Amino acid sequence: MSGLFHEFVTAAQAEPLCAAIVLGSGLGAVADGYDILASVAYANIPGLVSTTVAGHRGRLDLCRAGTAGLLVAHGRVHFYEGHPVERVTRLVHLFAELGVEQLILTNAAGGLHPLLNPGDLLVIDRHWKLLGPNDWKSLSTPTRIYSPAGLVKIRTLANAPRFGGYAALTGPCYETPAEIRALAACGVDAVGMSTAVEAEAAAHLGLEVLAISCITNKAAGLTANPLSHREVETNAQFGIHHLRELIGGVIA
Ligand code: HPA
């Protein structure tokens, strides 16, 4: 085990941890208000590697949130980068080993629901994990592993966003307009390339899981504009203030 990782784990074990959050593409600034107590690069976490995606800092921070510690993961590794499920869920397993009970996953996503615009948030109350060809056969049965108590709590917060369903696709390319039409017909509100596998692993390990999408674009074919990762990163900024407020409310 690297010394840097060992030092981080020792610091985290000394704190009562209130939650862990994973910040997706362009969303790193959500945690800018928290004091950092310790930090470790993903490359120094056994079983993990640096992230290659622009807009991901590739670092796990131990922060101070009130009287408790908060783990903040800046970015993630994805299937589309060629990583196996063990690596995609490595952070989730680490959170469980450190005694975290609540996980908040965030991501950048394309909006299918007509009322979702760039900068809007969507609280994920169900998901579709569409990572293999056979998964498309189960479009009628989304997975509902998100914390019922957490979802109720969010509904009570001021300025609570819309709730809805998220479909995780393999990527790395964005969807075709035909795929988006098929997903919309099945009730999908937002689409992205992450979160579902981590959420299922965390629920399996007994964590209370919440997930929030920041809508960075209208999904493919819903506007004339071609999609780009640069647009995703730029538009993620519009959701940061609301996301910070919402996460603060959840962990309070
Ligand atoms: N599709 C898939 N992933 C995404 C999108 C999208 O439109 N926007 C941000 N991440």
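## Ground rules

A polar contact here is a pair of N or O atoms within 3.5 Å; within protein, one must be able to donate a hydrogen and the other to accept it, and residues adjacent in sequence count only if both atoms are side-chain atoms. With that in hand, take Ser213 and Asn107: their side chains are joined by a polar contact of 2.7 Å.

This is a predicted model, where local features need pLDDT of at least 70, side-chain atom pairs count only at pLDDT 80 or more, and totals for chains, interfaces and linings use all residues. Residues are numbered from 1 along each chain as its sequence is written, and side-chain values use heavy atoms, with hydrogens and water left out.

## Around Ser213

Ser213 sits in strand S9 (residues 208–218); helices (H or I, at least four residues) and strands (E, at least two) are DSSP runs, numbered from the N terminus. Ser213 is buried, at a relative accessible area of 0%. Buried means under 20% relative accessible area, exposed means over 50%, and partly exposed is what falls in between (1.4 Å probe, protein chains only).

Who surrounds Ser213? Setting aside neighbours within four places in sequence, Ser213 is in contact with Asn107, Ala109, Asp120, Leu121, Leu122, Ile124 and Tyr166. Contact means heavy atoms within 4.5 Å.

## The ligand site

The residues around the ligand are Ala108, Ala109, Gly110, Tyr174, Glu175, Val191, Gly192, Met193, Thr216, Asn217, Leu227 and Val232. To make that list, a residue needs one of its heavy atoms within 4 Å of the molecule.

Some of these residues put N or O atoms by ligand nitrogens. From the side chain of Asn217, an N or O atom is 2.7 Å from a nitrogen atom of the ligand. For Glu175, a polar side-chain atom lies 2.8 Å from a ligand nitrogen. Ala108 uses its backbone: one of its N or O atoms lies 3.3 Å from a nitrogen atom of the ligand. On its own the ligand has 260 Å² of accessible area, and the protein covers 95% of that (areas come from the Shrake-Rupley method with a 1.4 Å probe; for residues, only the protein chains shown count as cover).

## The nonpolar cores

In soluble globular proteins, nonpolar side chains tend to be buried together. A nonpolar core is a set of buried Ala, Val, Leu, Ile, Met, Phe, Trp, Tyr and Cys residues joined through side-chain atoms within 4.5 Å. The largest one here has 71 residues, and Ile45, Leu60, Leu70, Leu71, Phe95 and Leu103 touch the most other members. Helix H7 (residues 229–251) gives the most to this core, with 7 residues. Apart from it lies another core, of 12 residues, including Leu139, Leu169, Ala219 and Ala220.

Not counting residues up to four places away in sequence, Leu71 touches Phe8, Leu17, Ala19, Ala20, Ile21, Leu60, Asp61, Leu62, Phe95, Leu98 and Val100.

Several residues of H3 are buried: Arg90, Leu91, Val92, Leu94 and Phe95. Just after H3, Gly99 takes a positive phi of about 90 degrees. Thr89 has 5% relative accessibility, so it counts as buried. Leaving out neighbours within four places in sequence, Thr89 is in contact with Val197, Glu198 and Ala201.

## Salt bridges

The structure holds 7 salt bridges, each being a side-chain nitrogen of Lys or Arg within 4 Å of a carboxyl oxygen of Asp or Glu. Glu15 pairs with Arg64, the closest N and O atoms being 3.2 Å apart. Glu15 lies in the loop between helix H1 (3–13) and strand S1 (17–23) and Arg64 in strand S3 (residues 59–65), so the pair ties together parts that are 49 residues apart in sequence. Asp61 pairs with Arg59, at 2.7 Å between the closest N and O atoms. Asp61 is buried at 1% relative accessible area, whereas Arg59 is partly exposed at 24%.

Then there's Arg126, in strand S6 (residues 121–130). Arg126 forms a salt bridge with Asp125, the closest N and O atoms being 2.9 Å apart, and both residues are buried. Asp125, Arg126 and Asp189 are linked in a network of salt bridges. The C-alpha atoms of Arg126 and Gly165 are separated by 4.8 Å, though the two residues are 39 residues apart along the chain.
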